[in-house]
Amino acid sequence: RESDHRAWTPVSCTVTRQNATVQGLTEGKAYFFRIAAENIIGMGPFTETTKEIVIRDPITVPDRPEDLEVKAVTKNSVTLTWNPPKYNGGSDITMYVLESRLIGKEKFHRVTKEKMLDRKYTVEGLKEGDTYEYRVSACNIVGQGKPSFCTKPITCKDEIAPPSLDLDFRDKLIVRVGEAFSLTGRYSGKPAPKVTWLKDDIVVKEDDRTKIKTTPTTLCLGILKSVREDSGKYCVTVENSTGSRKGFCQVNVVDRPSPPVGPVIFDEVHKDHMIVSWKPPLDDGGSEITNYIIEKKDAHRDLWMPVTSATVKTTCKIPKLLEGKEYQIRIYAENLYGISDPLISDEMKAKDRFRVPDAPEQPIIKDVTKDSAVVVWNKPYDGGKPITNYIVEKKETMATRWVRVTKDPIFPSTQFKVPDLLEGCQYEFRVSAENEIGVGDPSPPSKPIFARDPIAKPSPPINPEAVDKTKNSVDLSWQPPRHDGNGKIIGYLVEYQKVGDEEWKKANLTADSCPETKYKVTGLTEGLTYKFRVKAVNAAGESEPAYVPDPVEVKDRLEPPELILDANMAREQHVKAGDTLRLSAVIKGVPFPKVSWKKEDHEVSPKADIEVTGVGSKLEIRNTVHEDGGIYSLTVENPAGSKTVSVKVVVLDKPGPPRNLQISEVRSDSCYLTWVEPEDDGGSVITNYVVERKDVASAQWVTISSSSKKRSHMAKYLIEGTQYVFRVAAENQFGRGPYVETLKPIKAIDPLHPPGPPKNLHHVDVDKTEVSLVWNRPDRDGGAEITGYLVEYQEDGADEWTKFQTVPMLDCVVTGL
């Protein structure tokens, strides 16, 4: 069993001798063994080894060391190296013994120190010119083994050999980023050369990634996890006293490119496509850019769509866009070794980015003469494309059509002298800019100018005079100057001076506050005397003053009142009821008169608003009613006199109720209505009457006439026996007045009259004392059923008729004759 296991493993069951060979053991492991004897009855007890046995081969002295070589020879030393023996005799080597023999002598002498385990040794202190041979043997726990084969005889002298260099790499090496690479080779030379590594003429230093390993015969420069910066020209120099050798290698560490350089420039933006450009990557990864990959996406979605991957230019057209949507563009650079990270653009809306230029600002006109003017403007925004021309147009102010001032292009100057103007005409000018897209909107028109030569100061005003005065003001009047200096008169400056003073004071500060040829100078002191003068002003300046001939004493004038009536103060004023009555007049007089309003010599109604100003008076009555009509008078009075004016006001309204409604000629199907016109026609002619009837049992009035102008009406189509009431109202252009109603109802029945005489009376039989009579019904029954016939007789020649009897039928026998 193994020493560290507890389970026993059987080796043999049929051994009859007293020994056995155990096979299949593992070298270096420790084992225990046990043995038991067996006969026909059974197996006896085991006998066990007392201690563990380690399995190893039997130990002998080592074999001879191998490959004993002379590495270096000088005039007083020899350096040797060797390799271990192929078999160490079953025990570790404890030391090597190096021996030398001077040629010509028989014995080898030991030259190594005790316990030397290094396999390299330099024998020093030799004599120049002596020749030796060397051998080495190995020792283990058993003893010293056989010596190695002897070296060739070695003479102590300095060896000189120029450096040699044998490289394992070519002139160029391409490495992927992140991979390791090494530059290796072999070299020789005596004395031993010095090895130096350079990269781009700078000495290579070791660090975490850069490793330099040099042996007496080999050299190596290794770089772990290479980066782009490791690219360069590497040089290894092998140099000793006899010369030097150099080896070169151009290392190119390649990678995918860096991203293209932004920003992405939108060279052109249209509603359905864009043209973008960018700059190549700063680092092409050490390999030429083979192509760019361009993608687009809607800025509000996450899906990138390919545009192209076959372009090597740094510009690209992005097609198939939807107008108004915002897009982002991303661009990758690709070389043989991969695709860069992307360059992503800003968002850009698909719309026509280039347009015609904006309208210039309002142009300025200068240097005006009678036939030319210089138009000056500022350059507007060019719409994204350079402006190529300006178009200057003119028109007369009152005209509607603009005309180009020249067909020649105007560029790049932003001013133009317009020729061929007509003297005295007023012109406006405007400017448009043009680029390759088209002509932009025109500027606002310039301020109007008159084509006339530059102006001079005007001559003085003519004939200034004082035309009116009060106790604190003077009214001046004058005529325009004879010469306006070719410029419009802006206005006049009025100045005054108190007699005895030297200083002239300004009555108005600016000429445009007095554009008319009159002015009221206020703020004067009553009783003082003043001088006055006037100057005309145009764009060139002020004229010489013109003086009022005589000084003016400031005091009130007396003027009797004067009334200038407005249209609403004509002799008769009609106003519709509910509307507003306005009466007004302009009032003059010095001093200003006292104003009073009357209505038929009484105070006007409190509802009237009366307003008096410095130039007139106004009376106003809102929501007029009929009673507001009458004679209104306006009286104005001052110390110089008084004046009164009157106006008749008629408030037009609906008429009053008709009067004296009568019903006559009642029949079973009609009756006759008569009435008298209203006392008040509302100030307007009555246009018609409205007649209505109502069954006493009904609540609804029925119109039977609405257009009659007569004051009577035959009410027809009555129902016999029904009781009716009637009402009548008058209408004028302002509406319908109140109704007048019959006092009591009438019944639709015919009036009663005596019947007519029976017809065709004759006898049919005669006897001596009696007569039989027959007759026909009368033509009319008098409005009621005939109840009987009264039969009378008279003796011939007598005066009286004698009643016989009343009979119901159309025959009778008269008896008793």
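1. On the surface, D371, D420, E423 and D453 gather in a patch of negative charge; patches are made of residues with over 30% relative accessible area and no salt bridge, where like charges are joined within 9 Å and nonpolar side chains (Val, Leu, Ile, Met, Phe, Trp, Tyr) within 5 Å. In this count Lys and Arg are positive and Asp and Glu negative, while His and the chain ends are not counted, and the place of a charge is taken as NZ of Lys, CZ of Arg, CG of Asp or CD of Glu. One of the four, D453, lies in the loop between β36 (449–450) and β37 (462–469), and D453 is partly exposed because its relative accessible area is 30%. Buried stands for under 20% relative accessible area, exposed for over 50%, and partly exposed for what lies in between (1.4 Å probe, protein chains only).

2. The structure is a predicted model, in which local features need pLDDT of at least 70 and side-chain atom pairs count only at pLDDT 80 or more, whereas totals for chains, interfaces and linings use all residues. Residues are numbered from 1 along each chain as its sequence is written, and side-chain values use heavy atoms, with hydrogens and water left out.

3. Accessible areas come from the Shrake-Rupley method with a 1.4 Å probe, and for residues only the protein chains shown count as cover.

4. The structure holds 29 salt bridges, a salt bridge being a side-chain nitrogen of Lys or Arg within 4 Å of a carboxyl oxygen of Asp or Glu. Among them is the one in which the side chains of R330 and E295 meet at 2.5 Å, N to O. This pair links distant parts of the chain, with R330 in strand β26 (residues 326–335) and E295 in strand β23 (residues 291–298), 35 residues apart. R330 and E295 are both buried.

5. Another salt bridge brings together the side chains of R533 and E495 (2.6 Å, N to O). Here too the pair links distant parts of the chain, since R533 is in strand β42 (residues 529–538) and E495 in strand β39 (residues 489–498), 38 residues apart. The side chains of K535 and E495 also meet in a salt bridge, at 3.8 Å, N to O, and K535, in strand β42, is 40 residues apart from E495 in strand β39. E495 counts as buried because its relative accessibility is 7%, and K535 counts as buried because its value is 12%. Salt bridges that share partners join E495, R533, K535 and E542 into one network.

6. Turning to the strands, which are DSSP runs (E, at least two residues) numbered from the N terminus, as helices are for H or I with at least four residues, strand β48 (residues 581–590) is mostly covered, with seven of its ten residues buried. Two strands pair if DSSP finds at least two bridges between them. Strand β46 (residues 559–565) pairs with β48 in the antiparallel sense over five bridges, and the bridge partner of E562 in β48 is K588. Strand β52 (residues 616–621) also pairs with β48 in the antiparallel sense, over six bridges, with S584 opposite K618 in β52.

7. Strand β64 (residues 759–766) and strand β65 (residues 771–776) pair in the antiparallel sense over five bridges, and a hairpin of four residues joins them. In this pairing H763 stands opposite L773 in β65. Strand β65 is also paired in the antiparallel sense with strand β68 (residues 811–814), over four bridges, where L773 stands opposite C812 in β68.

8. Q573 lies in strand β47 (residues 572–576) and is buried, because its relative accessible area is 17%; Q573 and I631 are 58 residues apart in sequence and 9.8 Å apart in space, C-alpha to C-alpha. S100 lies in strand β7 (residues 95–102) and counts as buried because its relative accessibility is 9%; S100 and A730 are 630 residues apart in sequence and 169 Å apart in space, C-alpha to C-alpha.
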